[in-house]
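This report describes the secondary structure, strand pairing and helix packing of the model shown below. Please read it alongside the sequence and the coordinates.

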Amino acid sequence: MTERTPSMRRVAAKGTRVECSTRRPKETDRNRIVSTLEMPIGEGADVQLPLHPFRMIHRTPLTILAAAAALCAGGCDREEIRVYSVAKETAPAPAPAAPAASSAPAPAADAPRPQLAYTLPAGWQDAGSTAMSLANFRIKTDAGEASVNITPLASMAGQEVLVVNMWREQVGQKPLAESELAGTLTPVEIGGEKGQLFEISGLREGQTVRIITAFAHRAGASWFYKLQGPDAILTAQKPVFVEFLKTVRIKEAGAPAAEVAKVAAPAAPAAAEPESEFKWKVPAGWQTLPAGQMQVAKFAVPARDGAKAEVFVSVFPSDTGGALANVNRWRKQLGLEAVDEAGLKALATPLDAAPGALLVDLKNDARAMLGAIVPRGERWWFYKLMGDAAAVTAEREAFVRFVQSAP
Amino acid sequence: MKLLWKFFTSLRLTVALLALSVLLIFFGTLSQVDEGLWKAQKIWFESWIVIWQHLQLFGWKFTIPIFPGGYLIGTVLFLGLTAAFIKRFTWRWDKLGVNLTHGGVILLLLGQLLTQELALESYIEFKEGETKGYAEHHRDNELAFIRDAGDGREEVVVIPESMLKTGAEIRHEKLPFTVRVKEHGLNCQIRRRGPLVDGPATATQGAGTQVTVEPRAEAKDMDSRNLPYAYIELLAGGNSLGTWLVTPWLPMLGSAAQVIEVGGQKLRTELRFERYYQPFEMTLLKTSHEQYRGTDIPKNFRSRVRVVDGKTREAREVDIYMNHPLRYAGLTFYQARMGKDPDDPQRGTSALQVVRNPSWLAPYVGCYVVGIGMYLQFRLHLVKFLGKRLGGVRQGGLGAISARVLEVGVLGYLVFKFTLNLFGY
């Protein structure tokens with residue numbers, strides 16, 4: 001066989017113009033090829049390119065491209081929702097080794113929490129407690145909204161610089177040196193104890209923020225009282241906040257009532273008393289439950305056909321913002337719109353328990369609430385029967401009798 | 001068509017593509033400094049076109065292609081090589097070497113493409129005594145909604161993290177609600193909410209109401225992984241069920257599962273590392289972690305595992321250690337990491353790298369074929385050259401036969417030895 005060089009192969013390819021068409025090479029083509037290659041006819045058999053299996057493929061080189069694209073399209077498509085069924089996990093998935101980044105504190109189990117008593121200034125609304133803050137308040141004015149939080153943290157006694165700088169950092173201020181601290185802190189009275197107060201303002205997420213913080217160190221904890229909001233409101237509210245601080249009383253969780261009495265100024269009554277001290281008659285069928293935050297007693301009333309309701313009792317040394325604010329807070333709990341003074345008059349019925357006592361009847365679909373506010377001496381008693389409408393209606397009389405009985 | 005054929009079979013194309021490959025590798029390597037290994041790989045090698053996305057003009061974002069990506073170069077190179085191979089192929093003994101070499105290179109390229117598309121790398125991380133039936137991806141995450149399906153089984157609907165774009169609304173026939181992604185971040189840190197310093201919580205339901213998310217920059221180095229987060233609002237019948245925070249941090253910190261109740265159904269949700277369930281379970285029995293005395297240099301990492309396959313009723317114990325992976329059910333398990341349980345320092349932990357690569361043999365076979373092809377080619381030329389220089393060796397002589405026997409023997413031994421090594425014997 002004649003040795004073919006690569007250049008001859010190219011000539012061969014050039015000569016076979018039939019390659020990309022479907023027609024078979026004509027005898028003349030073949031002869032031309034052969035003559036180009038200067039080969040005897042018999043040797044030229046393997047130059048019948050269109051018949052070679054590989055040669056067949058190249059008629060459509062695009063098929064290869066298409067196949068490759070299809071392969072990729074099939075493999076690349078991972079953006080889809082999958083559904084599958086697996087055996088139930090018996091144990092929770094173990095924690096994989098945490099990345100080098102850092103560690104975050106695990107949400108801790110709720111321990112018994114201290115209780116608070118205070119006189120709520122006019123215009124402040126109780127916003128309940130959260131995981132961290134024992135009490136939150138909202139101050140709504142025409143100029144905007146400000147907030148107050150009361151939060152106990154692990155004791156930071158002797159670390160005043162750290163406390164102040166912690167806040168400064170939050171609003172993008174440079175930390176202060178120990179020597180600069182004295183000018184920042186002003187003494188303030190918090191519930192008969194000595195505390196300190198400081199103010200900072202700065203930018204946070206592009207907005208000007210002003211924060212007034214008071215704090216006092218107690219056994220094992222530092223209590224922080226924060227007033228935060230727009231400048232105009234804070235200027236007006238600062239004296240109110242300072243007055244409010246004087247009225248705050250803390251009852252440590254598990255501490256006897258005497259503890260509260262000890263720290264409380266003589267004029268301010270204790271916030272809560274042990275249940276055993278109550279003289280009231282608990283209606284038959286009511287089940288005593290552990291009282292929650294800021295409550296002195298809690299009961300479950302008998303269930304009616306699956307309908308359940310509970311009774312909550314709280315005592316405060318003030319009217320905590322007045323009847324209107326409290327009724328509207330209750331309405332909100334039921335998903336009802338707030339009412340105005342006139343709406344309250346239409347809602348409330350006087351209660352024969354004490355002068356100024358009132359009862360409100362609230363209902364929203366299957367949920368209902370009976371609320372009573374009873375001023376007794378220097379304290380305001382708040383009673384609430386809330387739950388499924390059927391149970392609340394059935395228990396109405398027993399509840400009213402309970403509210404009327406002297407505690 | 002003819003033009004296209006000419007284009008793909010031209011030698012210039014191959015040379016140009018090889019030059020582009022060199023540049024691609026150069027740029028891709030430099031890019032790792034800023035982008036990190038994974039992202040640089042995605043941008044330069046696992047793409048068709050390298051796109052420059054940072055240009056902004058009059059508020060418009062421009063995407064400008066700046067370089068052919070690895071896929072494009074590889075595909076065109078593969079097509080060109082295949083086309084040239086077809087065009088120039090001749091079946092003759094003296095061409096066998098060249099043909100084998102080219103065929104081998106085509107196989108290498110094809111194998112790489114298949115590996116790229118089909119291979120999957122994941123990890124099983126467990127403590128001694130723990131059993132796992134799934135592996136987890138080391139970078140990708142998924143949002144899972146899990147519902148009790150009865151008979152001790154659970155139905156899982158998983159949404160890949162790539163779909164969780166801020167503002168996206170995701171619906172699926174198996175989900176009783178629409179998932180609206182309010183916010184999504186690639187990496188974050190979480191901490192307990194500080195009511196003194198934090199504003200109102202974005203999450204209104206679940207554990208997210210008690211934590212604050214601090215977005216972090218995307219982790220780019222190889223050793224750390226991103227822990228993403230998303231605030232998802234669930235909408236059923238036009239009403240919002242609330243907003244949940246989902247992030248792998250929550251289960252990692254021991255937070256209880258977040259349960260969503262809708263229409264009498266209870267669904268659990270979590271944003272977790274992407275899972276790949278296997279038809280068998282693996283229990284870590286024992287870890288051995290030996291170090292050279294007086295040093296921290298590892299001498300031997302060894303995990304003893306029990307594999308229980310419910311389908312084949314197979315149960316066996318295997319040792320997995322350095323250079324001795326376990327190949328089972330199309331997967332390869334390599335010893336990857338070892339450690340101690342932070343809660344119980346006596347208890348060892350082990351991480352196995354799980355690789356599924358159906359085309360794992362392709363590069364080896366490709367290399368064999370290229371090697372043999374090159375050997376044949378050089379041998380042919382060497383024999384010819386020596387024949388011319390020394391005057392031909394007499395065919396059929398004792399010297400020629402013994403030389404042939406020696407050659408086949410040495411070659412056979414080498415191939416045999418390599419093959420044994422390849423399969424871990």
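## Chain A and chain B of a predicted model

Of the 407 residues of chain A, 43% count as buried, where buried means under 20% relative accessible area, exposed over 50% and partly exposed in between (1.4 Å probe, protein chains only). This is a predicted model, in which local features need pLDDT of at least 70 and side-chain atom pairs count only at pLDDT 80 or more, while totals for chains, interfaces and linings use all residues. Residues are numbered from 1 along each chain as its sequence is written, chains are lettered from A and ligands numbered from 1 in the order in which they are written, and side-chain values use heavy atoms, with hydrogens and water left out.

Chain A has eleven helices and 17 strands; helices (H or I, at least four residues) and strands (E, at least two) are DSSP runs, numbered from the N terminus. Contact means heavy atoms within 4.5 Å. Among contacts in chain A between residues at least 6 apart in sequence, 50% join residues at least 24 apart.

**The sheet of chain A.** Seven strands of chain A form an open antiparallel sheet in the order 11-12-13-17-16-15-14. Two strands pair if DSSP finds at least two bridges between them. Strand 11 (287–289) and strand 14 (349–350) of chain A are the edge strands, each pairing on one side only. Helix 8 (residues 322–333) of chain A packs on this sheet and touches strand 15 (358–364), strand 16 (367–376) and strand 17 (379–388) of chain A; its direction makes about 160° with that of strand 16 of chain A. Angles run from 0 to 180 degrees between N-to-C directions, and axes are lines fitted to C-alpha atoms, for helices over the stretch in contact. Helix 11 (residues 396–404) of chain A lies across strand 12, strand 13, strand 15, strand 16 and strand 17 of chain A, at about 15° to strand 16 of chain A.

K298(A) is found in strand 12 of chain A and is buried, with a relative accessible area of 19%. Leaving aside neighbours within four places in sequence, the contacts of K298(A) include Q287(A), L289(A), E310(A) and F312(A). K298(A) and Y383(A) are 85 residues apart in sequence and 9.7 Å apart in space, C-alpha to C-alpha.

| Strands | Chain | Bridges |
|---|---|---|
| Strand 12 (residues 297–300) and strand 13 (residues 309–316) | chain A | four bridges |
| Strand 10 (residues 229–236) and strand 11 | chain B | seven bridges |
| Strand 13 (residues 265–291) and strand 14 (residues 298–309) | chain B | eleven bridges |
| Strand 14 and strand 15 (residues 314–321) | chain B | eight bridges |

The hairpin of strand 13 and strand 14 of chain B has six residues between the strands, and G294(B) takes a positive phi near 80° there. Strand 14 and strand 15 of chain B form a hairpin with four residues between them, where R313(B) in the turn has a positive phi of about 55°. R304(B) stands opposite D319(B) in strand 15 of chain B.

**A helix pair of chain B.** Helix 3 (residues 70–88) and helix 4 (residues 96–118) of chain B pack at an angle of about 150°, with their axes 10 Å apart. That makes helix 3 of chain B roughly antiparallel to helix 4 of chain B; angles over 145 degrees count as roughly antiparallel, under 35 as roughly parallel, 65 to 115 as roughly perpendicular and the rest as oblique. The contact is made by residues including L77(B) and F78(B) of helix 3 of chain B and I106(B) and L109(B) of helix 4 of chain B.
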